[in-house]
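Hi there,

Here's the structure I promised to pass along. Have a look at it first, then read my notes below.

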Amino acid sequence: MAALELAALREAAAVWAANDPDPATAQALQELIADAAADPAELVDSFAGDLQFGTAGLRAAMGPGPNRMNRTVVRRAAAGVAAHLLALAQEHDGGPAPVGGLSYRPRAVVGFDARHNSSAFAAETAAIFTAAGIETYLLPAPLPTPVLAYAVRALSCEAGIMVTASHNPKQDNGYKVYLGGRAVAAEAQGVQIVAPHDADIAGHIAAVARAGEFGDTAAIGMAEQGWTVLGPELVENYIAAAAAVADPGTFPARGLRIVHTSMHGVGHETALAVLAQAGFSDVHPVPEQAQPDPGFPTVAFPNPEEPGAMDLAFALAESVDADLVLANDPDADRVALGARNPATGQWHQLHGDQVGALLGAHLVLRGGAVDAGAAPVFANSIVSSRLLAKIAAAAGYQHRETLTGFKWISRVPGLTFGYEEALGYCVAPELVRDKDGISAGLLLAEMAAALKADGRTVFDVLDELALVHGLHVSNQMSIRVEDPSDIVAMMDRLRSQPPAAFDGSAVTEHKDLSVGTADLPATDGMAYLTRNGTRVIVRPSGTEPKLKCYLEVIVPVAEADQLDAARSEAQRALAAVVLDVEGALGLENL
């Protein structure tokens with residue numbers, strides 16, 4: 001960086017530091033300024049533009065500057081969301097309210113997890129909403145994201161804010177927005193935002209940022225009081241409603257020993273309370289991971305999908321002779337399933353697509369009206385397995401495919417069950433219109449208990465599904481980059497040099513998902529289908545600097561004694577597809 005450019009950056013950063021409401025980040029910024037002559041990289045990145053607000057809200061590393069999560073950025077975001085809620089209230093019922101008036105007073109609820117700064121970000125959001133004239137509720141403690149999503153509809157709120165970075169690394173935090181009440185149509189009640197709300201909120205945030213000196217938030221009104229801190233009743237109501245998702249009349253078995261981990265997050269008390277209220281009392285929490293800890297000391301990444309994240313849970317399961325392992329991510333909106341494979345005696349974490357198929361099959365057994373007007377509706381994202389669609393068709397159910405994310409899955413009309421392969425499951429959309437790892441965990445326990453009582457396991461169900469529909473095996477490649485332009489280059493390469501085959505099977509269909517269709521809005525991604533049914537979908541991550549590749553192969557299998565050979569063939573095929581995808585992306589040139 002040229003000396004003059006660095007001098008200008010340091011001067012701008014000094015202005016931001018002088019306006020920073022948080023002494024900790026102001027001090028950190030002063031240290032970056034002092035160190036910039038020798039190593040300017042961190043300072044440059046911290047000021048590499050404003051952190052962009054999208055349908056996932058905000059999510060980034062915490063630290064000083066406009067490109068990080070901090071109190072300045074969160075204050076601006078809260079002011080932008082408040083302005084959007086007030087604008088929606090003025091436009092209610094299709095026409096403007098009387099000049100200077102609102103059609104209604106917006107209502108909002110704010111929740112937070114146990115990460116560093118989450119409670120401060122939530123409290124300041126409540127203060128800003130209240131000063132803007134929004135009736136505001138604040139959850140009483142760090143709680144799971146599904147509780148916040150539940151609260152949006154339970155309290156008839158126009159908005160919900162969840163301060164969380166979910167399963168991201170410990171240095172990150174985030175800001176997720178739901179809409180509801182009078183602000184949106186019925187199908188969007190309690191669902192995460194989609195366009196154009198994200199762009200409208202981003203516009204309001206930009207207007208707030210332009211209103212004062214660089215980094216100055218003095219013009220943003222903040223009330224000292226006036227919001228309502230909710231009592232325990234809301235959480236108790238969620239626990240009772242989630243426990244009632246179980247069907248003890250049809251599936252009465254409760255003889256199941258469960259190991260549970262909340263991965264140092266906020267799901268421990270709520271998840272165990274739901275299981276207990278539904279009759280599952282033999283639950284063993286992983287003690288090292290049961291209490292919230294923003295440092296996530298026992299895992300490299302607090303994500304059940306990451307290698308090694310469930311090792312402590314499996315060790316405890318082995319020592320107590322458990323039947324099942326349930327692992328929530330830190331904000332408990334996802335759940336992973338672990339079970340001992342009878343064929344090997346080893347504990348095994350099931351893939352998210354396998355869990356989605358198991359839940360779909362279990363919900364079919366629970367029953368649902370099938371007639372011309374009200375067949376149950378299953379849905380999953382385009383990157384998830386095609387097996388759920390076959391399960392639905394065999395039961396006479398409807399099935400819908402959506403873009404990635406529960407902001408789309410939860411909007412499916414008449415939804416009964418929806419999932420995405422990244423451990424997200426919505427088993428009770430009438431309760432929470434988002435992924436909910438707590439209620440999904442309960443249904444997994446119900447299913448496993450019923451199978452155990454019948455002398456069977458989840459692996460038996462997966463084998464039965466393979467015999468009926470073919471063995472569906474999925475895998476994911478995640479390519480993390482330092483330079484986001486590498487992702488653009490890889491996507492451009494796929495479009496300009498499309499692959500002709502995967503594992504020797506010719507590509508018979510490819511779709512550029514950025515074009516969009518009547519059923520699927522445009523999104524950045526490419527999808528390929530080969531003659532033998534292999535599918536490859538490539539898309540940039542919406543929350544991290546990653547390119548994600550979703551692979552699925554289908555191996556026909558006619559008899560039970562062919563299952564082992566089919567599994568071996570599926571693994572061979574996936575390995576070959578991985579190599580072909582790496583070549584198509586040009587990874588050797590990065």
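**What I found**

Strand β3 is joined to strand β7 (residues 228-229) by 2 bridges, and the two run parallel. Keep in mind while you look around that this is a predicted model. If you want to spot that pairing, find Leu138, whose bridge partner in β7 is Val229.

β3 (residues 135-138) also pairs with β2 (residues 107-112), in the parallel sense and over 4 bridges. Here Arg107 has Glu135 in β3 as its bridge partner. To get from β2 to β3, the chain goes through helix α5 (residues 118-131), and this β-α-β crossover is right-handed.

Next, the open sheet. It has 5 strands in the order β9-β8-β10-β11-β12, with mixed pairing. β9 (283-285) and β12 (347-349) are the edge strands, each pairing on one side only. On average, neighbouring strands of this sheet are turned by 25 degrees against each other, direction ignored. Within it, β8 (residues 258-261) and β10 (residues 324-328) pair in the parallel sense over 4 bridges, and Thr261 stands opposite Ala327 in β10.

Last, a pair of helices. How do α6 and α8 pack? α6 (residues 145-154) and α8 (residues 233-243) meet at an angle of about 100 degrees, with their axes 10 Å apart. Angles of 65 to 115 degrees count as roughly perpendicular, so that is what α6 and α8 are to each other. The contact is made by Pro146, Val147, Tyr150, Ala151 and Ala154 of α6, plus Leu234, Val235, Asn237 and Tyr238 of α8. By class, that contact has 8 nonpolar residues, 1 polar and no charged ones.

Cheers

How values were computed:
Residues numbered from 1 in each chain as written. Predicted model: local features only at pLDDT ≥ 70, side-chain atom pairs only at ≥ 80, totals over all residues. Heavy atoms only, no water. Axes fitted to C-alpha atoms, helices over the stretch in contact; angles between N-to-C directions. Parallel < 35°, antiparallel > 145°, perpendicular 65-115°, else oblique. Contact = heavy atoms within 4.5 Å. Nonpolar A, V, L, I, M, F, W, Y, C, P; charged D, E, K, R; others polar. Pairing = 2+ DSSP bridges. Right-handed = clockwise from strand over helix to strand, strands pointing away.
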